[in-house]
Amino acid sequence: MTPYVSTYSKRVGSNTVERRTLQTARNVHVCSSIEIGHLRVVTNYHEKRSIQPSRATFSFHHGEILHHPKNTHAHTLISEKEAVATMKVFLHYEDNENPDLHKTLKITLPKSWKTGPASNLLSQFVESYNAKFQATNPLSEASLHLSIRQPVEQHHSEKTKLVPLCSDDVVIDQIPDRGDVYICHGPSTTKADKAAAEKAAEDERKEQLKNTVACTHFGCQKRFPKGGPYPECIYHKMPPVFHETAKYWACCPQKKAYDWDDFQSIPGCEKGICSEVRDDGQKRFLGGTDLREQVEGAQLKSIDDFNKAQAQGGEAAPVLDRLRKVMEELGIERELFDQVVAGMKAEYQSQNLDESEVLTAVADDLGGRIKTMMKSVAADQLRIK
């Protein structure tokens with residue numbers, strides 16, 4: 001049987017990546033290769049065997065040179081990253097308040113630098129920078145390090161942070177082709193130094209956890225010796241709420257955050273002394289189910305009970321609850337109603353009213369607006385007649 005060969009290739013930068021499929025009597029062989037100038041190098045090879053033996057022989061090897069103008073049988077073992085013909089990086093120095101002293105340098109790396117230490121890049125940049133700024137802002141390689149930007153590991157977050165590179169990190173393992181590298185002040189560390197520092201920090205953390213306890217107040221992150229002395233703390237009196245992408249404290253619903261760091265920075269609303277006593281009856285956090293229970297679990301009161309509550313100071317929440325359900329029956333979404341009521345409550349809360357007075361004011365205000373709307377509809381009806 002004559003083997004059937006299909007080939008797919010495309011250009012990637014200055015290189016050609018090819019996927020070649022050969023089907024023999026019973027086997028399918030897939031070979032991916034990259035063409036670098038006159039060289040074509042195998043980067044991946046896969047063979048799907050069948051139960052029946054193949055009638056043809058067909059094989060590739062990782063790193064095999066499929067074509068060379070002088071020696072078609074030469075072999076080399078290289079990785080797919082190393083198969084990139086040329087590698088460029090952009091070095092940026094912006095760690096200075098004076099923008100006139102900033103500099104960006106684009107470097108095409110020599111072949112040996114791709115698998116060499118990152119310190120080569122720093123040396124090259126310092127040499128180029130000092131050639132221009134020696135008189136005004138000379139840089140010392142010993143007091144600088146390289147960093148790259150990486151995304152913050154948080155859901156729905158687009159923030160990035162600078163992550164330092166070790167001086168002996170292999171360039172091609174840490175920096176992508178045409179990647180941005182930042183020159184920052186502070187001495188470089190080696191991978192061994194980094195590992196030792198991480199181990200020391202972990203040992204210190206474990207020792208601290210063993211000898212101290214955390215404050216049980218919501219939002220206070222202080223630790224102190226078990227049994228005291230107890231430091232002062234600023235905390236939240238109610239647990240956090242995690243609902244969809246929003247994060248806030250149940251006692252401060254007007255202060256919402258969508259990023260964990262922003263949520264952690266919301267200041268507490270209470271001052272007191274740290275405690276190691278945990279209230280087991282209090283949930284540590286609330287979610288969407290808890291919020292729905294709070295809204296829907298309120299018991300409707302009779303008219304007599306409502307009138308009695310009004311005579312004793314007023315409680316308009318049952319009115320708003322009933323109105324919410326009626327509005328839903330009329331096709332007005334609960335979310336829209338809740339948004340309007342929450343906005344009105346925020347306006348009245350700024351007037352230093354207590355909760356009962358706020359609810360009464362919202363009910364009166366909302367009732368007045370609905371009455372105005374009904375009058376407007378009635379006026380339009382009269383004009384139509």
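This is a predicted model: local features need pLDDT of at least 70, side-chain atom pairs count only at pLDDT 80 or more; totals for chains, interfaces and linings use all residues.
**View 1. An open sheet of 3 strands runs in the order S14-S15-S16.** Pairing here is antiparallel; two strands pair if DSSP finds at least two bridges between them. Strands (E, at least two residues) and helices (H or I, at least four) are DSSP runs, numbered from the N terminus. Strands S14 (240–243) and S16 (252–257) stand at the edges with a single partner strand each, so one side of each has no neighbour in the sheet. From one strand to the next, the twist averages 25 degrees, with axes being lines fitted to C-alpha atoms (for helices, over the stretch in contact) and angles running from 0 to 180 degrees between N-to-C directions. Strand S15 (residues 246–249) and S16 share 2 bridges. Look also for lysine 256, whose charged end sits over the ring of tyrosine 248, 4.4 Å from its centre. That description requires NZ of Lys or CZ of Arg within 6 Å of the ring centre and within 35 degrees of the ring normal.

**View 2. Strand S8 (residues 144–151) pairs with strand S10 (residues 179–185) and with strand S9 (residues 160–164).** Both pairings are antiparallel, over 4 bridges to S10 and 5 bridges to S9. Histidine 145 stands opposite cysteine 184 in S10, while isoleucine 148 has valine 163 in S9 as its bridge partner. The charged end of arginine 149 sits over the ring of tyrosine 182, 5.4 Å from its centre.

**View 3. The largest nonpolar core holds 26 residues.** Such a core is a set of buried Ala, Val, Leu, Ile, Met, Phe, Trp, Tyr and Cys residues joined through side-chain atoms within 4.5 Å; buried means under 20% relative accessible area, exposed over 50%, partly exposed in between (1.4 Å probe, protein chains only). Among the members that touch the most others are Val89, Leu109 and Phe125. Helix H2 (119–133) is one of the elements that supply at least two residues, and H2 gives the most, with 6.

**View 4. Tyrosine 93 and tyrosine 129 form an edge-to-face aromatic pair.** Their rings are 5.1 Å apart centre to centre, with 70 degrees between the planes. Rings of Phe, Tyr and Trp (its six-membered ring) pair if their centres lie within 6.5 Å; planes under 30 degrees apart count as stacked, over 60 as edge-to-face and the rest as tilted. Tyrosine 93 is buried at 0% relative accessible area, and so is tyrosine 129, also at 0%. Tyr93, Phe125, Tyr129 and Phe133 form one aromatic cluster.

**View 5. Leucine 366 is found in helix H10 (residues 355–384).** Leucine 366 counts as buried, at 10% relative accessibility. Leaving aside neighbours within four places in sequence, its contacts (heavy atoms within 4.5 Å) include Leu320, Phe337 and Val340. Leucine 366 and valine 340 are 26 residues apart in sequence, yet 9.2 Å apart in space, C-alpha to C-alpha.

Definitions and conventions:
Residues are numbered from 1 along each chain as its sequence is written. Side-chain values use heavy atoms; hydrogens and water are left out.
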